[in-house]
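Student: Hi! Could you walk me through this model, chain by chain contact and then some backbone details?

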Protein chains: 4
Amino acid sequence: MYFFDNDYMIGAHPEVMEQLVATNSLHTVGYGRDEFTQKAKELILKKCGLREGDVYFLEGGTQSNLVVIDRILDYNDGVIAADTAHINVHEAGAIEACGHKIIALPNKDGKLTHQAIKEYVMSYLNDDTCHYMVRPAMVYISFPTELGTIYSLKELKRIREVCDEFHLPLYIDGARLAYGLASRKNDVTLNDIASSADVFYIGGTKCGALFGEAVVTRRPELLPRFVSLIKLRGATLAKGRLLGVQFLSLFSNSLYERIGKHAVDMAMLLKEGFMKKGYPLFIDSPSNQQFFILPNDKIESLKKIASFELWGPKGETSTPVRFVTDWSTVEDEVRALIKAL
Amino acid sequence: MYFFDNDYMIGAHPEVMEQLVATNSLHTVGYGRDEFTQKAKELILKKCGLREGDVYFLEGGTQSNLVVIDRILDYNDGVIAADTAHINVHEAGAIEACGHKIIALPNKDGKLTHQAIKEYVMSYLNDDTCHYMVRPAMVYISFPTELGTIYSLKELKRIREVCDEFHLPLYIDGARLAYGLASRKNDVTLNDIASSADVFYIGGTKCGALFGEAVVTRRPELLPRFVSLIKLRGATLAKGRLLGVQFLSLFSNSLYERIGKHAVDMAMLLKEGFMKKGYPLFIDSPSNQQFFILPNDKIESLKKIASFELWGPKGETSTPVRFVTDWSTVEDEVRALIKAL
Amino acid sequence: MYFFDNDYMIGAHPEVMEQLVATNSLHTVGYGRDEFTQKAKELILKKCGLREGDVYFLEGGTQSNLVVIDRILDYNDGVIAADTAHINVHEAGAIEACGHKIIALPNKDGKLTHQAIKEYVMSYLNDDTCHYMVRPAMVYISFPTELGTIYSLKELKRIREVCDEFHLPLYIDGARLAYGLASRKNDVTLNDIASSADVFYIGGTKCGALFGEAVVTRRPELLPRFVSLIKLRGATLAKGRLLGVQFLSLFSNSLYERIGKHAVDMAMLLKEGFMKKGYPLFIDSPSNQQFFILPNDKIESLKKIASFELWGPKGETSTPVRFVTDWSTVEDEVRALIKAL
Amino acid sequence: MYFFDNDYMIGAHPEVMEQLVATNSLHTVGYGRDEFTQKAKELILKKCGLREGDVYFLEGGTQSNLVVIDRILDYNDGVIAADTAHINVHEAGAIEACGHKIIALPNKDGKLTHQAIKEYVMSYLNDDTCHYMVRPAMVYISFPTELGTIYSLKELKRIREVCDEFHLPLYIDGARLAYGLASRKNDVTLNDIASSADVFYIGGTKCGALFGEAVVTRRPELLPRFVSLIKLRGATLAKGRLLGVQFLSLFSNSLYERIGKHAVDMAMLLKEGFMKKGYPLFIDSPSNQQFFILPNDKIESLKKIASFELWGPKGETSTPVRFVTDWSTVEDEVRALIKAL
């Protein structure tokens, strides 16, 4: 069976696992005050081109999103996001459970547009009753998006400009950042992300780690007493170095880049194969998630050799499907799958 | 100056005020355990045609909405509402502050449709990842809506059917209930409201009281330990009888009906006047809020004799406006206003 | 029957009621943006000796406590209070429902001591793990306390000094402020309260109003965007002027002082009477709440002519009781009660 | 340097790590729906002597505590705990951040007593104003406690009886369960824990895992829709099998018991050594945490060869200290330390 369900079906990349094993019997202080974590933070800031800033390691994406957003928003504040955003659809109401509204705006290919943000904020500001409305107080985007699409540098800069105009912190969810950066259509660097976002996170869980995300900010003042808030949300890892060790490994020897590149290469191979066979794209994604529309009987037959997800309810004759690649995707298996189309 | 800004610019209806004065120097137990409150509860249940049920008096609409919704929803539950709903737009994020998402669906003339509810719930139930999504767990509508429109009995019954099908409690916000019931186009009775809704509230603040709303339910088990939750939200009135006395008055001698009828009569007179002069309706409202589109220079000149609200940002040449009537609207003033059009 | 259960059994003081009636048929803008509210704010600031500051009118005590404390505390912050404090015992968990711990310290006659505050904060600061503890971030006291006792000016100043030392905002719950100020043992003025507290509230509900409290701060920056938070908690009164009108009345013609003095005079008369008859005090209260220990059979016989509360569970032979006076307490009734002892 | 700071300074027990490595390259479904997790759940239920029940794997102790307590408590409910309880002192206000009060009662050697619980609940029930108080609605204890002490079977049964009498779910925090069960003074079995507690968790993080806790309940109806709540709190692990694999390993070949026994053996050796040298116990702990009172100069000299924590602020001449053992504690190092005393 070939596995294309998602990018968290397998353990850590062998290089990451190796480091976890190598450091397993060392004694260090807990709660991320160890040397590995310290080194990982410094390394990440360096790779991001940030001379100053803070890095916090957390265990998962929803957790990272909720502690960051909860920390930045004041009472009565909301976060602007695309209606398709992970926080709006697939986090079980985690942001609302912290007391905040998600101001969901229509997406364009899974992306939020600077126009939509601006229009919304303007209409809020021009409303006489705005003090009885939820204040739009930060912007959430993900890179890549839920649909695998990515923002161009130009799009990112325009969003940044709107954020500057209205003093809105910009937060970027980088659960699959490796695959966005490695996309062949991408013109955004890690430095661009780090300098555009006020806060963002570098995904580990879906990009080669056992688990873990690195929340990075160039503006530490946005996350005051963050260590206490992380604890209060039950998000503090006792053996915090596990996260430091993994990220140290991911950002050594270009591993994060290699993981991204391999997965995207495999995804492009897959896409090419499906397209050649005449299957239409559900959306044109340049990263490690590929979406096709397949006839239902083809889905049936493919399911015998590969696992993958239906993307929405089954249609009458055909259905959108999603294939996801990661560091472990094997080229021969991709080719075999294509052959079987 | 003639006042048409809203329906809470003046004190209580004289008959209500009279009772407050008459009972002012009596001693009663606090927190709504007095006889006036008890009698008002019984009277309201009777008027609603409910043999069994509970009534809770609260101080305002947002407060009523938040305690009811907070009480009914479990963790991870959301409330379905029209995108134009008061809870979604003008309550400063009160529902989210209690931890719950508002699932905002597109409105039709300010109303939620049974189709929209059904479609959304079906798509939720058919989603394999629904346990990581917010569960649609109750339905909120208002009668009349923010735009003055009202549900027909048929529409209400269809919504009820969808709620039954998916076991969703239906909550009706009756901030302006008097004006909906008194509408000439209305075919819904107070009994229909009381038997369709699982919980609803009868608006006092905007319908002749100094302040106060009566939350009514035919299913007391939906609001367990509600007295404690009301206290926890700071919504308990020490001199609770003030609410009982007012509602006793509102529901005696058909006062609530008279208030509704007078305001609607004045609203219809106003509407007729504007239409005769050729001003288009912004929306065709059958209740005490009337919306017209007026040329900006006409707005300027009218502002000299009457106060009313612009409904949205000023347009280039014309702008929607809102005129609201209540128990205190004087027929001669309405006629004078129409003359001045 | 003579009523001594509490100070919210009767309506508003006649002078207050008179103003509510006199203004009932006026049209004003809503939500407290009217002239009465504006004038009341200015008058209160003046009476408090504050040149600058803000006043917000709210509907009740628990509501005032929760919005103020919720506004001042950051995530992970707690409020220091006496274990007997109203917020710790009788508000149904309102503060915790906003996400905050009450750090309850042992009381002395219902009062918090500056030593207890200092010791606690020092132990927190000296704890290496304090970033995983709740941060003591503000101090709550009430004047008078739940037991009717009052802080001397010296005690108040010492608490202020500790607050200054550790940068803790001091919040004073003045639900029964009139009676504390009017106490014969009191050496604290309204100006002292206003200049010692960062935020405090002047109780209306228990001191002659129908309902309402005036939150006062000399440091408006402590309550940013407070109007939105008040709305979000459902605490905004549509006909906001009702609060303005009442407080304007309470602070005109020394009404608030007269109300306080009368109730305290009656309380002292009562106390003297009980003491002369040899009934021991449960606690020596100098304000409008008086606590005695009465034999159970005496309680039985008194209950025939007067209503009052047992203060705790019934003892074997005797039980603490509470008698409360207010503006409406009649001297002849007090004397008749004493005679009946 | 010999390490006795705490029980989370080193990685996983080699047998656990081995399994993580062995399963690293397998593909499984995510979010804990894999076979390893399923098998681990079945194994744990079996070891607990539960024919029916549920097991949920979480990442850490504070996280487990907050999701369980948040799930069980209704609005306005509080959890009874010892004042020294981890949730009351060292979780940064996590329970309050979920909206709930911790009703902290005086501890006895770190333990809650059945008398204290009963007295508190009785006083609540006998209070006429109890509907305006926080309702005591569940009981939290830990086994062992923060001070290393353990409940005897008799004590546990008495607490269970009080819980039964007042319908209070009992929750046991077993962060260090292995060491409590392995204590030489212990007469409580895992089966006793599982049948006494309504919900409890088996600590992994401090007992040999990389991270992870197993929440176990014999009453699944107490945790309805728990999977959604876990997600909402950001506590869902994408590669959920990591927890299943670890607990499968911990509960195979008596590893959990062996870990407990070794650590307790080392702790007893340590205790004996300190006592022989005449150093007084701070508290008599029978588990893996040992507390002594050491002269400050002795602390200085010991710090050169061993790391351990001061237990509270430094005293004038002597200070309480804590030494903690775990699976990795080396007997020779303990003996060398004792020699150096």
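Student: What should I know about the ground rules?

Tutor: This is a predicted model, in which local features need pLDDT of at least 70 and side-chain atom pairs count only at pLDDT 80 or more, while totals for chains, interfaces and linings use all residues. Residues are numbered from 1 along each chain as its sequence is written, chains are lettered from A and ligands numbered from 1 in the order in which they are written, and side-chain values use heavy atoms, with hydrogens and water left out.

Student: Great. How many residues does each side bring to the contact between chain D and chain A?

Tutor: Chain D brings 42 residues and chain A brings 42 residues, where contact means heavy atoms within 4.5 Å.

Student: And what area is buried between chain D and chain A?

Tutor: About 3,800 Å², with carbon and sulfur atoms giving 60% of that. Buried area here is the accessible area (1.4 Å probe) that two parts lose on being put together, summed over both.

Student: Which residues in chain D lose the most area to chain A?

Tutor: Those are D:Asn24, D:His27 and D:Lys239, which together make up 19% of what that side buries.

Student: Which elements of chain D give two or more residues to that side?

Tutor: They are α1 (14-22), α3 (61-72), α5 (94-97), α10 (226-232) and α11 (241-250) of chain D. Helices (H or I, at least four residues) and strands (E, at least two) are DSSP runs, numbered from the N terminus.

Student: How do the residues on that side of chain D divide?

Tutor: There are 22 nonpolar, 14 polar and 6 charged residues on the side of chain D that touches chain A. In this scheme Ala, Val, Leu, Ile, Met, Phe, Trp, Tyr, Cys and Pro count as nonpolar, Asp, Glu, Lys and Arg as charged, and the others, Gly among them, as polar.

Student: How many salt bridges are there between chain D and chain A?

Tutor: The count is 0, taking a salt bridge as a side-chain nitrogen of Lys or Arg within 4 Å of a carboxyl oxygen of Asp or Glu. There are 22 residue pairs in polar contact between these chains, both residues being at pLDDT 80 or more. A polar contact is a pair of N or O atoms within 3.5 Å; within protein, one must be able to donate a hydrogen and the other to accept it, and residues adjacent in sequence count only if both atoms are side-chain atoms.

Student: OK, switching to chain A and chain B. What do they bury between them?

Tutor: About 1,300 Å², 51% of it on carbon and sulfur atoms. On the chain A side, A:Ala92, A:Glu96 and A:Lys101 supply 36% of the area buried against chain B, more than any other three residues. The contact involves 17 residues of chain A and 17 residues of chain B.

Student: How many salt bridges there?

Tutor: Chain A and chain B have 2 salt bridges. One pairs B:Lys101 with A:Glu96, whose closest N and O atoms are 2.6 Å apart.

Student: Now the sheet. How many residues of β5 in chain A are buried?

Tutor: In strand β5 (residues 135-142) of chain A, 7 of its 8 residues are buried. Buried means under 20% relative accessible area, exposed over 50%, and partly exposed in between (1.4 Å probe, protein chains only).

Student: Which strands does β5(A) join up with?

Tutor: Strand β3 (residues 77-82) of chain A runs parallel to β5(A), joined by 4 bridges, and A:Val79 has A:Met138 as its bridge partner. Strand β6 (residues 170-174) of chain A is also parallel to β5(A), again with 4 bridges, and there A:Tyr140 partners A:Tyr171. Two strands pair if DSSP finds at least two bridges between them.

Student: Where is there a cis peptide bond in chain A?

Tutor: From A:Phe143 to A:Pro144, with omega near -5°. A:Pro144 lies in the loop between β5 and α7 (153-166) of chain A. In chain D, a cis bond joins D:Phe143 and D:Pro144, with omega about -5°.

Student: Why point those out?

Tutor: Because most peptide bonds are trans, and most residues other than glycine have a negative phi.

Student: Which way does phi go at B:Tyr31, positive or negative?

Tutor: Positive, near 60°. B:Tyr31 sits in the loop between α1 (14-22) and α2 (35-47) of chain B, and its relative accessible area is 22%, so B:Tyr31 counts as partly exposed.
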